[in-house]
Amino acid sequence: MTRTPVNVTVTGAAGQIGYALLFRIASGHLLGADVPVNLRLLEIPQGVKAAEGTAMELDDCAFPLLRDITITDDANKAFDGANVALLVGARPRTAGMERGDLLQANGGIFGPQGKAINDHAADDIKVLVVGNPANTNALIAQRNAPDVPADRFTAMTRLDHNRAVAQLAKKLGVTVNEVKRMTIWGNHSATQYPDIFHAEVAGKNAAAEVNDEKWLAEEFIPTVAKRGAAIIDARGASSAASAANAAIDHVHTWVNGTAEGDWTSMGIVSDGSYGVAEGIISSFPVTCKDGKFEIVQGLEINEFSRARIDASVGELIEERDAVQELGLI
Ligand SMILES: NC(=O)c1ccc[n+]([C@@H]2O[C@H](COP(=O)([O-])OP(=O)(O)OC[C@H]3O[C@@H](n4cnc5c(N)ncnc54)[C@H](O)[C@@H]3O)[C@@H](O)[C@H]2O)c1
Ligand SMILES: O=C(O)C[C@H](O)C(=O)O
């Protein structure tokens with residue numbers, strides 16, 4: 001059966017995440033091995049030539065699923081008919097730069113892109129914001145797209161989720177596929193809270209298996225939460241291949257569903273669950289089915305977790321207030 005190609009828009013297509021991402025989308029890793037795609041690449045004018053070079057390479061791969069590539073610096077054109085939008089293009093954090101500095105620099109990008117999505121995207125649009133500060137950039141885009149259901153806007157915490165899974169597996173000497181039900185709460189920032197109290201390792205409770213609160217508080221949480229900064233320090237550039245991989249995972253899971261008995265982490269508009277302020281975009285444990293997600297309900301939040309969730313949510317509220325003051329939402 002011939003399927004209609006899915007329109008996938010990628011912003012910041014000429015950047016380092018873009019370079020790691022586009023070939024995997026075109027080869028079927030984002031949506032599935034039987035789903036043809038049209039790529040719509042958005043860049044700033046200075047980035048268009050490099051995006052054209054990447055498009056030449058995409059052609060040279062002769063990917064059977066890649067039907068068409070459009071390259072533009074016009075957001076209205078890039079999001080026209082978009083079914084999936086990966087908002088990667090942003091000003092990346094460099095060594096020594098505080099996250100708060102990024103709000104001003106990036107705020108102006110995500111408002112107009114939200115509006116272009118509102119006015120031109122397909123009715124089934126799904127948006128993933130990768131560009132930092134991802135949660136608040138997603139909030140800006142979402143608030144500038146009043147005609148699009150709020151639950152179509154998500155922010156990426158899947159990289160944090162994957163990092164947490166890998167660190168826990170290492171600690172317990174198991175393979176990553178034995179780790180289930182990991183949760184990242186809050187912001188994609190150093191305040192995020194990777195929660196292992198509900199995670200399972202080979203069917204057993206992970207926190208009980210670890211049984212080491214010192215490791216949890218002093219090693220695991222800071223290692224996961226500050227991994228992005230550690231990579232910038234080591235590479236001299238922010239994570240690219242692992243970020244692209246997480247973006248693929250995020251959308252693939254959203255579209256194709258979570259495995260039975262497992263869940264994932266996504267930054268989504270809060271409905272007030274777990275005392276997280278309504279309306280901010282915060283990471284939650286979610287299950288996905290039929291292209292929709294639901295927050296996992298009924299988890300018991302202990303004192304250790306409560307304090308950390310509240311701290312990260314507090315930071316998100318500050319970011320929301322800051323962009324509100326700047327008139328960006
Ligand atoms: N959420 C996460 O887990 C996560 C992980 C890693 C990186 N990031 C973030 O992803 C973003 C991209 O990282 P990168 O390493 O690819 O950066 P990069 O600087 O290599 O690429 C960014 C690209 O975006 C383009 N761009 C800038 N403004 C644009 C706009 N208005 N429209 C379209 N394109 C635009 C630039 O020209 C550039 O080509 C950064 O903000 C980084 O901090 C997020
Ligand atoms: O770009 C950054 O600030 C780091 C990135 O978000 C990461 O988590 O690797």
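**Entry 1**

I started at strand β10 (residues 200–201), which pairs with β11 in the antiparallel sense over two bridges. I count two strands as paired if DSSP finds at least two bridges between them. Strands here are DSSP runs (E, at least two residues) and helices are runs of H or I (at least four), numbered from the N terminus. I found Glu200 opposite Asn205 in β11. I then traced the open sheet: its three strands come in the order β7-β10-β11, with antiparallel pairing. β7 (179–180) and β11 (204–205) stand at the edges with a single partner strand each, so one side of each has no neighbour in the sheet.

**Entry 2: ground rules**

I note that this is a predicted model: local features need pLDDT of at least 70, side-chain atom pairs count only at pLDDT 80 or more, and totals for chains, interfaces and linings use all residues. Residues are numbered from 1 along each chain as its sequence is written, chains are lettered from A and ligands numbered from 1 in the order in which they are written, and side-chain values use heavy atoms, with hydrogens and water left out.

**Entry 3: strand β1**

Is β1 enclosed or open? Six of the six residues of β1 (residues 6–11) are buried, so the strand is largely enclosed by the rest of the structure. Buried means under 20% relative accessible area, exposed means over 50%, and partly exposed lies in between (1.4 Å probe, protein chains only).

I looked up the partner of β1. Strand β2 (residues 37–42) runs parallel to β1, and six bridges join them. Val10 has Leu41 as its bridge partner in β2.

Pro5 lies in the segment before β1. Pro5 counts as partly exposed, at 27% relative accessibility. Leaving out residues up to four places away in sequence, Pro5 touches Pro36, Val37, Asn38 and Arg67. Contact means heavy atoms within 4.5 Å. Pro5 and Arg67 are 62 residues apart in sequence, yet their C-alpha atoms are 7.3 Å apart.

**Entry 4: ligand 1**

Which residues are closest to ligand 1? I listed Gln16, Ile17, Glu43, Val130 and Asn132, out of 24 residues that surround the ligand. A residue is near a molecule if one of its heavy atoms lies within 4 Å of it.

I then checked polar contacts, meaning pairs of N or O atoms within 3.5 Å. A backbone N or O atom of Ile17 lies 3.0 Å from an oxygen atom of ligand 1. For Val130, a backbone N or O atom lies 3.2 Å from a nitrogen atom of the ligand. Gln113 uses its side chain: an N or O atom there is 3.3 Å from a nitrogen atom of ligand 1.

Gln113 lies in helix α4 (residues 99–120) and counts as buried at 9% relative accessibility. Residues touched by Gln113 are Thr11, Leu42, Phe79 and Leu87, not counting those up to four places away in sequence.

Asn132 is in the loop between β5 (126–129) and α5 (134–143). Asn132 is partly exposed, with a relative accessible area of 22%. The unreviewed UniProt entry annotates Arg93, Arg99, Asn132 and Arg163 as "binding site". Such annotations may be inferred rather than shown by experiment; positions use the numbering here and feature names are shortened.

**Entry 5: residues 157–323**

The unreviewed UniProt entry annotates residues 157–323 as "domain: Lactate/malate dehydrogenase C-terminal". Over this stretch I read 47% helix and 19% strand, with the end C-alpha atoms 21 Å apart.

Helix α9 (residues 227–235) has Gly228, Ile231 and Ile232 as its buried residues. Seen down the axis of α9, these fall within an arc of 100 degrees, so they line one face of the helix. The arc is that of the directions from the helix axis to the C-beta atoms. The buried residues pack against α6 (158–172). On the other side of α9, Asp233 and Ala234 are exposed. Just after α9, Gly236 takes a positive phi of about 75 degrees.

**Entry 6: a hairpin**

β13 and β14 form a hairpin with two residues between them, and Asp290 in the turn has a positive phi of about 50 degrees. Four bridges join β13 (residues 281–289) to β14, and the two run antiparallel. Cys288 stands opposite Phe293 in β14. Which face of β14 (residues 292–295) is covered? Phe293 and Ile295 form the covered face, while Lys292 and Glu294 form the uncovered one.

Key. A polar contact is a pair of N or O atoms within 3.5 Å; within protein, one must be able to donate a hydrogen and the other to accept it, and residues adjacent in sequence count only if both atoms are side-chain atoms.
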